[in-house]
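Here is a friendly walk through this structure, written for someone opening it for the first time.

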Amino acid sequence: MKADNPIQEKSYAFAVRTVKLCRHLSERKKEFVISRQLLRSGTAIGANVEEAAGGQSRADFTAKMSIAYKEARETLYWLRILKDTDYLTPKEFDSIAAEADELCRILASIITTTKQSLK
């Protein structure tokens, strides 16, 4: 991973945090179904960012970043469900949701900028 690539660093750190949260949800709260969905989408963000970094073209790069953006949005959805069903406290939710929202904003900006440069 490039040390100077903020989206790679942030998406990786978010994936690690998601794994730890899902472990907590399954071990302590005995929640298995939603946490698996969260685990899948929360780690897919970084995986798609990594794929984009090795993209074969700008269009491929944009497509992978778009998938990462969709995964980040899906992650926010699962986090809201966990909060609204009392598996996450509002404080826990606010902390990790803020990170997911930041990833969404960064990814949206990358996608917009890349699409503009393709024109």
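1. A word on exposure comes first: a residue is called buried under 20% relative accessible area, exposed over 50%, and partly exposed in between, using a 1.4 Å probe and protein chains only. This is a predicted model, in which local features need pLDDT of at least 70 and side-chain atom pairs count only at pLDDT 80 or more, while totals for chains, interfaces and linings use all residues. Residues are numbered from 1 along each chain as its sequence is written, and side-chain values use heavy atoms, with hydrogens and water left out.

2. Next, the helices. Helices (H or I, at least four residues) and strands (E, at least two) are DSSP runs, numbered from the N terminus. Helix α1 covers residues 6–27, helix α2 residues 33–53 and helix α3 residues 58–84, and helix α4 residues 90–118.

3. How do α1 and α2 pack? Two packed helices are described by the angle between their axes and the distance between the axes. Here, axes are lines fitted to C-alpha atoms, for helices over the stretch in contact, and angles run from 0 to 180 degrees between N-to-C directions. For α1 and α2 the angle is about 165° and the axes are 9 Å apart, which makes the two helices roughly antiparallel. (Angles under 35 degrees count as roughly parallel, over 145 as roughly antiparallel, 65 to 115 as roughly perpendicular and the rest as oblique.) Their crossing is left-handed, a term used if the near helix is turned anticlockwise from the far one by less than a right angle; clockwise would be right-handed.

4. Contact means heavy atoms within 4.5 Å. Residues of α1 taking part include F14, V19 and L25, and those of α2 include L38, I45 and V49. By class, this contact has 12 nonpolar, seven polar and one charged residues. (Ala, Val, Leu, Ile, Met, Phe, Trp, Tyr, Cys and Pro count as nonpolar, Asp, Glu, Lys and Arg as charged, and the others, Gly among them, as polar.)

5. Turn to α3 and α4. Their axes come within 9 Å and cross at roughly 160°, so α3 is roughly antiparallel to α4. The crossing of α3 and α4 is left-handed. The residues in this contact comprise 19 nonpolar, four polar and six charged ones.

6. Helix α1 also packs against α4, at an angle of about 150° and with the axes 11 Å apart. That angle makes α1 roughly antiparallel to α4, and the crossing is left-handed. Among the residues that meet are I7, F14 and L21 in α1, and I96, L103 and I110 in α4. Here the classes are nine nonpolar, three polar and four charged residues.

7. Which side chains pair by charge? Side chains of opposite charge can pair when their charged atoms come close. A salt bridge is a side-chain nitrogen of Lys or Arg within 4 Å of a carboxyl oxygen of Asp or Glu, and the whole structure has seven salt bridges. One of them joins E71 and R40 at 3.2 Å, N to O. E71 lies in α3 and R40 in α2, so this pair ties together parts that are 31 residues apart in sequence.

8. R40 also forms a salt bridge with E74, at 2.5 Å, N to O. That pair links α2 and α3 across 34 residues. Through shared partners, R40, E71 and E74 join into one network.

9. E74 is partly exposed at 23%, and E51 is partly exposed at 42%. Setting aside residues up to four places away in sequence, E71 touches R40, S41, A44, I45 and N48.

10. Finally, visit two loops. K30, in the loop between α1 and α2, has a positive phi of about 55° although it is not a glycine. K30 is exposed, at 55% relative accessibility. D86 sits in the loop between α3 and α4, with a positive phi near 65°, again in a residue other than glycine. At 64% relative accessibility, D86 counts as exposed.
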